[in-house]
Amino acid sequence: MDSTLSPDLATWHFLSRTTFGPRPQDVEEARQAGIDQYLEVQLHPDKIDDSEVDKRIATLPTLTMNPAELMEDFPAPKQSQKQGKNQQPPKKRPTPPPAMTPDMEGAGKLMPPETRQIMEGDGPRQVIMELGREQFWRAAYSKRQLQEVMVHFWMNHFNIYAEKGVDKWLLTSFEQDTIRPNALGNFSQLLSATAQSPAMLFYLDNWLSVGPNADSNAGFAMRRTPFGFAPAPVAAKPNAERRGLNENYGRELMELHTLGVDGGYTQHDVREVARCFTGWTIDHPQQGGGFVFRPRMHDFGEKVVLGHRIGGQGGGINDGIEVLQILAAHPSTAHFISLKLCRYFISEDPPASVVNRTARTFTESQGDIPSILKTILTSHEFNSSTVFRAKVKSPFELVASSFRALDADSDAGAPLMGMIMRMGQPLFQYQAPTGYPDRASSWINSGTLLGRMNFSMALAANRIRGTQLDLQALTPSDDQQAIWDNLAQRTLCGEVSADTKAAVMKSLEEVGNAGGDRPGAFPKTSLVAALLLGSPEFQRR
Amino acid sequence: MSISRRYFLKTSGLSLFGAGLVPSFLRRAAYALETPGRRKILVAIFQRGAADGLNIVIPFGEKEYHSMRPTIAIPEPSKRSESGPSAIDLDGFFGLHPSLSSLKPLFDTRQLAIIHASGSPDSTRSHFDAQDYMESATPGVKSTPDGWLNRFLQGAPEPDASPFRAVAFASSTPRTMMGAASCLCTQDLQGFHLAGNANPQARGVQLVANAFEEMYATATDRLLSSTAHETFEAISTLQRIQIGQYQPANGAEYPKGPLGKSLQQVAQLIKSDAGLQVAFAEVGGWDNHVNEGGVTGQLANRLKEFGDALAAFHKDMGEQMADITVLTMSEFGRTARENGNRGTDHGHANAMFVLGGPVKGGKVYGDWPGLKDHQLHEGRDLALTTDFRDVFAEVAVCHLGVQDPTGIFPGYTVSPKRFRGFLA
């Protein structure tokens with residue numbers, strides 16, 4: 001039955017979609033201000049004081065370093081060997097206080113081989129670990145929740161795999177300089193920023209792409225560097241096959257970033273787009289340089305992209321810029337991005353009506369993300385009981401929402417991140433440029449569901465190293481009804497199925513019968529919290 | 001295994017895969033030939049980091065081999081008596097690395113086949129890209145959402161499948177197994193229980209576990225309820241078969257290390273009839289740019305564990321090997337010449353192993369491209385003569401009984417003519 005939600009549930013529903021989980025104070029704030037006003041504030045993150053979480057993040061030294069500094073201070077152990085350099089201890093920049101040092105003990109064996117390589121020693125593991133901590137802390141504690149939700153959405157939309165070559169040193173800047181400033185800005189600008197980000201240029205190989213007719217073609221060969229192959233102006237070798245056009249970025253730009261797979265482009269368009277982007281490369285990638293356009297690698301011939309003539313006389317860097325403009329303004333892009341946003345905010349298969357209205361807003365506002373979000377979040381399709389808890393939380397969302405509901409604190413170190421990984425979402429480790437599928441079926445299987453229940457138990461019993469839950473503060477009195485009421489309200493707005501409640505109450509009885517609250521047993525508050533966080537209801541938002 | 005499906009269809013003279021080309025009575029007849037109730041099992045092993053196929057299955061018959069690898073070449077078998085360990089002769093041209101001595105008896109009894117100069121037609125030398133392409137089985141296409149073994153599972157849906165139908169031994173689901181079909185992923189089945197970092201026997205833990213089982217059993221949330229059912233079924237199966245207490249059969253001894261442990265748990269699942277059809281395990285440590293070693297050293301150590309784990313599994317499984325195929329793969333090979341650091345760099349074609357009862361072993365399959373300068377890929381690497389998809393497809397069709405593999409290999413035209421014929 002399609003019906004409007006009651007005011008209390010509507011507030012809860014709104015917060016569960018636009019934040020990483022409602023906290024009691026968020027509910028109060030939204031109730032007082034009204035949803036529309038609350039949304040208006042969240043759409044202007046610069047006006048929200050976020051100094052508290054910023055202070056935490058200031059303890060992470062790598063977050064303020066640029067790629068060149070990161071590469072210098074956190075070289076991969078293997079790579080310094082290969083270069084035959086003596087390993088010198090990295091120049092010390094401010095180190096985090098001891099409590100913030102990543103606790104790696106026991107985490108290594110949980111990691112996939114490639115990750116383990118990174119997590120061991122003084123290498124780039126610290127860079128990726130700290131980026132994960134920053135993301136978790138912002139998700140759990142930032143007041144700019146909608147911005148943070150959108151940072152995650154776009155990071156996944158423009159997914160980059162940290163383990164590919166130098167990307168492990170580029171991802172920090174990608175998140176901070178490319179995604180976050182544009183997360184609630186304009187889609188066209190966001191798209192351009194990703195197109196010129198070293199992280200994306202490297203991940204999708206565009207930095208290597210040389211035009212077939214580039215005048216400098218004979219002068220380029222692929223030179224082996226510690227990071228892979230780099231175009232270098234050396235004498236032409238007949239065998240340097242990797243020289244040439246690389247279509248990866250051109251294809252994924254249209255298939256994944258803008259038009260969508262059925263967006264109306266052909267293989268010919270892929271090739272032509274790739275030609276337009278030749279010469280978009282990285283200045284000294286092995287030293288952490290930025291975007292640079294190299295005319296000598298560019299194909300100056302005329303191209304036809306989706307029917308538009310591009311290049312020829314006066315072409316150059318503008319060829320790529322023109323492609324981005326065409327794609328950002330294309331109706332298929334408006335539809336594809338709207339569909340993904342509606343899928344994220346409303347339901348896996350959102351009604352066509354709201355997707356179409358959102359696409360119209362996308363086109364009319366020329367990709368203004370706040371306008372697009374307003375269309376979605378104020379729609380009756382969004383504010384409907386049929387989509388209440390329609391979305392399964394990602395593991396990251398599950399953990400963040402647990403923290404927010406129960407006011408937990410954490411160093412967001414390896415023990416916690418390892419649990420998120422075992423639930424199926426190792427951060428920055430999704431290999432394919434598609435990003436994690438936004439589908440319940442891809443998050444839930446027997447192993448990951450077990451991981452969710454284990455996480456709930458571990459958090460509720462204070463058994464995650466580096467993480468603290470103040471059970472005392474969550475226990476208003478020893479009365480089990482009072483404990484239940486408090487926790488059920490915090491985690492699920494009191495909206496709990498009879499079955500879940502019965503199972504919790506039964507286990508409370510059993511604890512009571514055995515005189516269970518003696519030291520060493522599962523305290524009542526832990527028991528109720530574990531069962532609520534691990535309940536079917538709490539897996540959804 | 002007197003008449004295989006494949007033989008039957010081959011001799012019927014019909015193209016195997018054209019949609020609708022095989023009359024349905026023939027397809028039914030083909031199915032009927034399969035022994036009912038005896039499930040064919042595939043164990044896929046990924047050697048992550050690009051194993052050096054040229055020092056694993058050594059082309060000692062090539063003059064160039066020895067001159068290209070002055071410090072790491074494995075001596076040819078004839079020199080065995082004078083100078084210690086050397087390649088183990090397979091057929092007068094190829095030899096196994098001496099660390100793989102435990103696999104030689106399996107080659108001799110025709111349980112082990114090798115496909116040399118095999119791999120991906122894409123010439124990327126990035127570990128990431130090449131693993132991605134091999135696991136998705138779509139070289140050159142990055143956006144393929146799922147892995148090839150998951151597509152196999154999707155194409156043969158089993159509504160009441162055991163939670164152990166597909167098991168991956170890894171920290172998070174490997175690309176090969178990713179996708180819509182359910183796959184249990186774990187590093188160690190001994191850790192597959194509900195405990196929340198506490199002692200699983202503790203009374204409070206048991207209370208929580210029971211409460212979870214109850215609330216999920218009756219939940220109206222179908223996805224979560226049915227998955228939880230699988231989870232608890234898996235936990236109770238593992239308790240029943242006492243996953244932590246296992247005595248391998250026939251005196252098999254698994255080597256220490258994650259691969260041995262994974263294969264031992266695969267063996268235990270199969271023997272306890274837990275419903276396993278596809279298992280995946282991985283083993284790292286092959287990326288030897290520096291000091292790779294020859295008859296001893298880094299590669300030799302990895303191979304010792306690798307070969308001993310495969311041999312132990314084979315011995316442990318005994319007669320049940322008749323229904324099992326083990327397939328090994330690595331994203332690409334390594335340079336034909338050793339580098340300045342007594343190691344090798346990222347190369348191209350490699351060697352794959354196929355082990356098991358259904359295998360027509362005792363042979364190194366594939367066309368040998370040679371190691372002379374003009375025969376090398378880009379002047380530096382072993383050239384490719386067998387596309388890994390043809391190896392995967394042969395396993396899918398001839399071992400797992402897939403009728404139409406087009407869905408497993410999108411964008412690729414599978415043709416039995418390109419099968420190397422290593423499966424009986």
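How many residues does the contact take from chain A and from chain B? The contact takes 58 residues from chain A and 52 residues from chain B, where two residues are in contact if their C-beta atoms, placed from the backbone, lie within 7 Å. This is a predicted model, in which local features need pLDDT of at least 70, side-chain atom pairs count only at pLDDT 80 or more, and totals for chains, interfaces and linings use all residues. Residues are numbered from 1 along each chain as its sequence is written, and chains are lettered from A in the order in which they are written.

On the side of chain A that touches chain B, the elements giving two or more residues include helix 22 (446-460) and helix 24 (498-513) of chain A. The residues of this side comprise 29 nonpolar (Ala, Val, Leu, Ile, Met, Phe, Trp, Tyr, Cys and Pro), 11 charged (Asp, Glu, Lys and Arg) and 18 polar (the others, Gly among them).

Chain A holds 25 helices and eight strands, which are DSSP runs numbered from the N terminus (H or I, at least four residues, for helices; E, at least two, for strands).

Within chain A, the axes of helix 17 (residues 352-364) and helix 18 (residues 369-377) come within 9 Å and cross at roughly 160°; axes are lines fitted to C-alpha atoms over the stretch in contact, and angles run from 0 to 180 degrees between N-to-C directions. Helix 17 of chain A is therefore roughly antiparallel to helix 18 of chain A (over 145 degrees). Among the residues making this contact are A:Val354 and A:Phe362 of helix 17 and A:Ile372 and A:Ile376 of helix 18.

Conventions: Parallel < 35°, antiparallel > 145°, perpendicular 65-115°, else oblique.
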